[in-house]
Amino acid sequence: MEENEEQSELSLEKGHSAGDSFRLHIVTWNVATADPPDDVTSLLHLNSLKSPDLYVIGLQEVYSGPLRFVSDLVFDNPWSLLFMSALAPRKYIKVSSIRMQGLLLLFFSKLEHVPFIRDIQATYTRTGVFGYWGNKGGVSIRLSFYGHMLCFLNCHLAAHMKYATERVDEFEYIMDTQTFECEKAPRIIDHRLVFWFGDLNFRIQDHGMHFVRTCINNQTYNLLWSKDQLIMMKKKEQMLQEFEEGPLDFQPTYKFDLNSDSYDSSGKKRKPAWTDRILWRLRPKASTHDEPHGNTLDASEVKQLEEDKEYPLKIRQDMYTSIMEYSISDHKPVVGIFTLELRKMYKTPLVRLQAEGDWSADIDAVVLYSPLQPFPSSTWDWIGLYKVGFTSVSDYITYTWVKDDEVAINEEVIQVYVSKEEIPVQGEECMLCYYSSTLQCIIGISEPFKVHESKVAIEEGLVPEKVNRLDKSVASEDLWN
């Protein structure tokens, strides 16, 4: 970790402010096909005084039986719904997700950052050489966060003690073969910052069961580190050496009896292991010469070097631990909390938009928007109307195509109509989002505003004049059902 900190310190050149700090909460958990728990407060640290800016949740072995998997293709799975329902009231939205059979990766952001998260792509790689189709592999989400290219890779690698080399081979295969439609960072390794996590399945070798359990009981975890396969493999594998990991100062997270904190008591009595890990790689700082040949950098490398100096990025791990209270799986979840300190490459959203005048279902409504910077607009761009507390981009009340309904006021401000038939009769606290089809992300969000109850509907007896709190809570529950 010292080398990484030194590297990130070096990128903070004198005269350049590091800028803003952002808190990132990463979860990895092999859930062993279990249904979600009732409460994820501890898992997400929802009672913490410091709320994260970003949540990244990687699950392995999410139940993918035929009926469940088919339904999940159309609807969000129970795990995604659980996290969305926990985070939406706190003003987080699901920005992206990807699922490959039992592997699931979710990316959530505080609403205020969403217009600055761009170039979002998700992909997957199967490596099921030792299992069934889609049983092992990696899923990833990459994006630019205030201009900085980040990639999150959730892996489930080959099991069993003897397959340590195969696990490294699988990881390197995923790193080599996953590509993105992005000139700036077409491969995982091109990103400024990569997080690699999941059930990596590395075991503790050589030490016997008695010694391992004694170290766990005495909390002398450091006596086991030298025989942890991932730590051992890092000494001889160049790609692994570029990844950093915090100290394993928590008890091994596998394998537990279900609904207990006791390690495997079955006939197999598997040796405890740190199978569930979170690592990161800050892109090495380019030097003025290409060592060891002394070749001068090409134009793209020079540009990268200048960008690294002007827009530094620093990472600090604040916590790395397991959450022992969850016992629905034979794995315990692992949480890593990080602080990203970076200088924003842009501070203005691409579009500003607002609701014009009073809104209700009695009259067509007007949206005003103005491009603040050039962006690749499209006839497939749309503006969505959302309830405050919405869960994801697709969780809109209604939307209108920008090009179909717009009327230009002047060069700066453009007017778009929303049909009254599409506006909620009952009234809601709402907001507007501009979705760019080309960039595949939200690029502008309005301030919240009130959609009033329809006076016509009230007069005709179609809605109660006052919606009581119970009705409101029932209405919000419809979001999850």
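User: What makes the charged end of Arg118 count as sitting over the ring of Tyr346?

Analyst: The charged end of Arg118 is 4.0 Å from the ring centre of Tyr346. A charge sits over a ring if NZ of Lys or CZ of Arg is within 6 Å of the ring centre and within 35 degrees of the ring normal. This is a predicted model: local features need pLDDT of at least 70, side-chain atom pairs count only at pLDDT 80 or more, and totals for chains, interfaces and linings use all residues. Residues are numbered from 1 along each chain as its sequence is written, and side-chain values use heavy atoms, leaving out hydrogens and water.

User: Which ring does Lys332 lie over?

Analyst: Lys332 lies over the face of Phe256, at 4.8 Å from the ring centre.

User: How many aromatic pairs does a search of the whole structure find?

Analyst: The search finds 30. Rings of Phe, Tyr and Trp (its six-membered ring) pair if their centres lie within 6.5 Å; planes under 30 degrees apart count as stacked, over 60 as edge-to-face and the rest as tilted.

User: Why is the pair of Phe22 and Phe145 called edge-to-face?

Analyst: Their centres are 5.0 Å apart, with 80 degrees between the planes.

User: Why is the pair of Phe107 and Phe152 tilted?

Analyst: The ring centres are 5.6 Å apart and the planes lie at 50 degrees, so the pair is tilted.
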